[in-house]
Amino acid sequence: MDEREETGLPQRRTRTGWGPGLSSGATASVADWIVHPPLFAVGMVLLWALVAWGINTAQYGDHLEQFSWAQSLEWGYHKHPPLPTWLLGSAVRAFGLHPWWPTLLAALCIALNLLLTWRIGCWLLDRPRAALAVLLAGLQQGFAAKSQLFNHNSVMVACISLAVWLALRAAARPERLGRWVALGLAAGLALLAKYQSALPLLGVLVALGLSGGLAGAAARRGAVLAVVLALALFVPHLLWVAEHGWTTLAYASQSGVSLTPLQRLRSLLSFLVIQLRIVAPALVLLALLHWRLRAAAVQTEGEAPAAAAAFRRGWLIGLVGVPVAGVVIASLLGGLKLQDHWGIQTFQYLGLGLAALWPAGRRLDVPRAVVMALMLHLLWFAEYASPRLLPQLSSGRARVDQFHPAEAMARTVEQAWQAAVGDCPLRYVRGPNFESGLIGVYGHEQAAMLDIGVPPPPWLDREALRRDGHVAVRLDEPPVQDEWAPGAVIRGQWSFDVPGQRNPARSTLHWMIVPPAGGCGTAR
């Protein structure tokens with residue numbers, strides 16, 4: 001059943017002439033499938049994953065943090081709730097430790113988000129404008145170049161889109177209890193992905209109220225059930241947080257940070273400017289379409305009836321207005337220093353909002369929009385790869401995590417370990433999560449990773465660590481000898497260039513070998 005049929009809103013029969021199952025009575029051709037916007041958007045996400053596998057020689061720091069946490073499955077971790085770590089940890093346990101797991105999981109999350117954005121757009125808009133919405137979303141940095149980045153944001157946006165889609169379905173048939181149960185479970189998963197999810201979930205409730213989705217008693221009962229289920233799913237994590245000193249809440253609330261009113265305003269303005277840059281490719285596509293069709297005035301359909309317009313307006317306020325208002329309030333009244341990555345969800349449905357502004361009577365050439373989007377993606381691919389392939393185009397960023405020579409770093413440390421202690425296996429590597437993660441993930445030994453930036457993990461046996469020894473690693477400064485290395489140690493270092501990194505272009509990996517307490521094997 002079509003989404004608009006389920007809502008009971010007036011049907012629109014528009015001759016679109018594009019996409020499988022959407023052209024006027026014609027059997028879908030290969031070309032139809034290629035230019036079908038949601039499939040095109042998913043294809044671009046997969047291409048970005050392939051570009052990452054072909055260009056990157058290491059991992060983002062977020063990936064290595066997840067690898068470190070995923071060594072044990074818990075109800076929470078030092079900075080965040082557990083769902084993304086559960087996903088990575090489950091994949092590693094089921095299929096083994098591979099460096100490409102985070103990129104694959106990120107691509108799946110973003111692809112799911114874009115597919116659901118298309119379905120949501122079909123509920124709220126006509127199909128041509130839903131197509132525009134998903135093309136615009138696919139050109140936002142978080143869903144394009146950063147679609148390879150697996151972290152709490154990538155899992156959150158997929159869960160939020162799932163919750164929005166399920167909310168639309170539940171409101172369409174409020175007497176079906178199973179739909180409200182599914183919504184509650186999706187909302188609970190979103191909360192277990194990242195606390196920021198509470199804001200867009202509030203937006204879903206606002207949208208349901210403004211659109212008339214809670215007008216009936218059955219709908220209100222269903223909504224209460226969904227909220228109760230979501231909170232029930234979240235309670236075990238909350239208990240874990242209470243047992244571990246509320247570290248996640250301290251991190252999320254930026255405990256210890258205090259901004260003056262002027263600093264809050266500057267933080268907000270800086271955040272908005274950065275978000276404008278992040279969504280710039282989507283705005284370029286929209287500008288190109290307006291320029292290309294500036295002379296077009298073909299009436300394809302009339303304006304939506306008042307009921308449909310009110311329904312759409314209520315949902316756009318909830319999906320776009322509430323998250324934006326939330327970060328403004330958090331900055332100006334709450335005093336939070338806005339982080340760039342918060343914009344990934346805040347503007348998650350910007351594409352829907354922009355597509356809704358496209359005049360209903362103005363022709364939208366979707367195949368041409370797909371071609372334009374493809375050109376922008378290809379230019380973006382070239383821009384991403386150029387610092388890695390052409391040193392003179394190196395990035396101005398202070399650090400390019402994904403371009404470090406991870407395999408060479410891991411091999412060098414493992415060879416130093418073998419030269420120092422012989423045949424004893426390297427079981428532990430300790431240091432900041434980036435350095436220790438690279439050695440643990442890319443090394444042949446696949447040593448357990450110990451992040452010095454957080455409390456020791458619950459699985460760590462200190463006696464086993466003393467007995468088996470370990471290597472401490474750090475970039476650009478020697479590791480400090482502390483209570484974890486009470487005896488004699490062996491130090492070394494290796495310098496290397498980081499392609500794509502301008503300042504500094506050369507880094508040094510320092511290591512400190514803490515030999516096994518009882519000795520092992522014969523030194524080489």
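Student: Where does P367 sit?
Tutor: In this predicted model, P367 has its place in helix α18.

Student: What does the overall secondary structure come to?
Tutor: The protein comes to 21 helices and 5 strands, and buried residues make up 53% of its 524 residues. Among contacts between residues at least 6 apart in sequence, 77% join residues at least 24 apart.

Student: Switching to aromatics, how many aromatic pairs are there?
Tutor: The count is 10 aromatic pairs. One of them is W48 with W380, which is edge-to-face because the planes of the two rings stand at 85 degrees, with the centres 5.9 Å apart. That pair links distant parts of the chain, with W48 in helix α3 (residues 37-55) and W380 in helix α18 (residues 366-389), 332 residues apart.

Student: Why do W48 and W380 count as buried?
Tutor: W48 is buried because its relative accessible area is 0%, and W380 counts as buried because its relative accessibility is 13%, where the cut-off is under 20%.

Student: What about W69 and Y77, how are those rings arranged?
Tutor: The rings of W69 and Y77 have their planes at 10 degrees and their centres 5.5 Å apart, so that pair is stacked. Both W69 and Y77 are buried.

Student: Which residues do ring pairs link into a cluster?
Tutor: The cluster linked by ring pairs consists of W48, W380, F381, Y384 and F403.

Student: OK, new topic: which residues have the most contacts inside the largest nonpolar core?
Tutor: Those are L124, V164, L285 and W315, in a core of 131 residues. Helix α8 (residues 152-172) gives the most to this core, with 13 residues.

Student: What is W315 in contact with, leaving aside its neighbours within four places in sequence?
Tutor: With those neighbours set aside, W315 is in contact with L124, V164, A167, L168, V204, A207, L208 and S211.

Student: Which residues does the UniProt annotation "transmembrane region" cover?
Tutor: According to the UniProt record, which is an unreviewed entry, the annotation covers residues 33-55, 100-118, 155-172, 199-217, 224-242, 268-293 and 314-336. In the model, residues 100-118 are 95% helix and 0% strand, and the end C-alpha atoms of that span lie 27 Å apart. Residues 224-242 are 100% helix and 0% strand, with the end C-alpha atoms 26 Å apart.

Student: Now the strands, in what sense do β1 and β2 pair?
Tutor: Strand β1 (residues 428-431) pairs with β2 in the parallel sense over 4 bridges, and Y428 stands opposite A448 in β2. Together with helix α20 (residues 433-442), the strands β1 and β2 make a right-handed β-α-β unit.

Student: Which residues of strand β2 lie on each side?
Tutor: In strand β2 (residues 448-451), A448 and L450 are on one side and M449 and D451 on the other, and all are buried, so that both faces are covered. As background, side chains in a regular strand alternate between the two faces of the sheet.

Definitions and conventions
Residues numbered from 1 in each chain as written. Predicted model: local features only at pLDDT ≥ 70, side-chain atom pairs only at ≥ 80, totals over all residues. Heavy atoms only, no water. Phe/Tyr/Trp six-rings, centres within 6.5 Å; stacked < 30°, edge-to-face > 60°. Helix = DSSP H or I, 4+ residues; strand = E, 2+ residues; numbered from the N terminus. Buried < 20%, exposed > 50% of the residue type's maximum accessible area, 1.4 Å probe, protein only. UniProt positions renumbered as here; feature names shortened; annotations may be inferred. Pairing = 2+ DSSP bridges. Right-handed = clockwise from strand over helix to strand, strands pointing away. Core = buried A, V, L, I, M, F, W, Y, C linked by side-chain atoms within 4.5 Å. Contact = heavy atoms within 4.5 Å.
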